[in-house]
Amino acid sequence: RKALKNKELELFYQPQVDVLTGRVIGSEALVRWNHPQLGLIAPNEFITQAEESSLIIPMGEWILEQACKQNKQWQDMGLAYIPVSVNISPKQLLQKGFVETMHRVLKETELDPHYLELEIIEGVVMKNIEMSVEILNQFKDIGIKVLVDDFGTGYASLSYLKRLPIDAVKIDK
């Protein structure tokens with residue numbers, strides 16, 4: 001709670017590089033907690049608690065807003081127009097009004113939706129295929145790219161992926 005209130009969260013951007021050309025083709029927004037006494041804390045130390053307490057909703061919205069804002073600033077500075085990828089928690093995805101939140105954030109930041117990618121973990125998508133397809137189609141209608149993250153950690157099969165309106169799959173290590 002204090003991390004959000006005291007603005008102790010920071011985003012770092014991991015470049016996504018085309019291995020053939022060496023060009024940066026995207027980035028992934030990664031959150032860290034810059035604790036005043038402990039320094040940078042990795043997300044695996046606090047995301048689970050944020051999920052359990054539902055703080056992930058405002059935290060996730062902040063991450064989304066900051067990532068879109070930063071990407072638009074880079075574009076305005078003349079840097080390459082590349083997508084920024086943001087991890088979406090299960091609670092965010094299933095939150096009533098989340099699609100409207102996406103519209104609002106894109107409008108406020110003036111980021112073209114084609115430069116935003118949402119990463120959704122495999123398990124969430126597979127729990128309710130029909131509902132997932134409906135929500136993911138709404139993102140696609142906006143112009144947002146959808147990626148399934150951590151593929152291979154659950155029970156999804158390639159045949160299920162054919163039913164999903166997704167743009168890419170990130171295979172778990």
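Five of the six residues of strand β5 (116-121) are buried, so the strand is largely enclosed by the rest of the structure. Here, buried denotes a relative accessible area under 20%, exposed one over 50%, and partly exposed a value in between, computed with a 1.4 Å probe on protein chains only. Strands (E, at least two residues) and helices (H or I, at least four) are DSSP runs, numbered from the N terminus. The structure is a predicted model, in which local features need pLDDT of at least 70 and side-chain atom pairs count only at pLDDT 80 or more, whereas totals for chains, interfaces and linings use all residues. Residues are numbered from 1 along each chain as its sequence is written, and side-chain values use heavy atoms, with hydrogens and water left out.

Strand β5 is paired with β4 (84-88) and with β6 (145-151), where pairing requires at least two bridges found by DSSP between two strands. β4 and β5 run parallel and are joined by five bridges, with Val-86 standing opposite Leu-118 of β5. The pairing of β5 with β6 is likewise in the parallel sense and extends over five bridges; Lys-145 in β6 is the bridge partner of Glu-117. β6 is itself mostly covered, five of its seven residues being buried. Three bridges join β6 to strand β7 (residues 168-171), and these two strands run parallel. Phe-151 stands opposite Ile-171 of β7.

Within β5 lies Glu-119, which is buried, with a relative accessible area of 1%. Contacts were defined as heavy atoms within 4.5 Å. When residues up to four places away in sequence are not counted, Glu-119 touches Gln-16, Glu-28, Ser-85, Val-86, Asn-87, Ile-88, Leu-147, Asp-149 and Lys-170.

The largest pocket has a volume of about 530 Å³. Of the 24 residues that line this pocket, Val-31, Pro-43, Ile-47, Ile-56 and Asn-87 are the closest to its centre. A pocket was identified on a 1 Å grid over the protein atoms alone as an open set of points with protein on both sides within 12 Å along at least five of seven lines, and lining residues have an atom within 4 Å of a point. Grid points are joined across faces, edges and corners, and the volume is the space filled by probe spheres set on the points. At least two lining residues are supplied by each of β2 (24-35), α2 (47-53), α3, β4, α4 (90-94), β5 and β6. The greatest contribution comes from β2, with four residues. By class, the lining comprises 13 nonpolar, six polar and five charged residues, where Ala, Val, Leu, Ile, Met, Phe, Trp, Tyr, Cys and Pro count as nonpolar, Asp, Glu, Lys and Arg as charged, and the others, Gly among them, as polar.

Helix α3 (residues 56-76) contains 21 residues and should span 30 Å at 1.5 Å a residue; its end C-alpha atoms are 30 Å apart, which agrees. The expected span is 1.5 Å times one less than the number of residues. The buried residues of α3 are Ile-56, Ile-57, Met-59, Gly-60, Ile-63, Leu-64, Ala-67, Cys-68, Asn-71, Lys-72 and Gln-75. An α-helix has 3.6 residues a turn, so residues three or four places apart point the same way. Gln-75, found in α3, counts as buried at 5% relative accessibility. With residues up to four places away in sequence not counted, Gln-75 touches Ala-80, Tyr-81, Ile-82, Leu-111 and Tyr-115. Gln-75 and Leu-111 are 36 residues apart in sequence, and their C-alpha atoms are 9.1 Å apart in space. Just after α3, Gly-78 takes a positive phi of about 95°.

Positive phi values also occur at Lys-7 and Ser-54. Most residues other than glycine have a negative phi. Lys-7, which is not a glycine, has a phi of about 55°; this residue is found in the loop between α1 (2-5) and β1 (9-17) and is exposed, with a relative accessible area of 71%. Ser-54 has a phi near 70° and is found in the loop between α2 and α3, where Ser-54 counts as partly exposed at 36% relative accessibility.

In the loop between β1 and β2 lies Val-19, which counts as exposed at 80% relative accessibility. Val-19 and Phe-139 are 120 residues apart along the chain, and their C-alpha atoms are separated by 28 Å.

Terms used:
1 Å grid on protein atoms, 1.4 Å probe; cavity = no way out; pocket = protein on both sides within 12 Å on 5 of 7 lines; lining within 4 Å.
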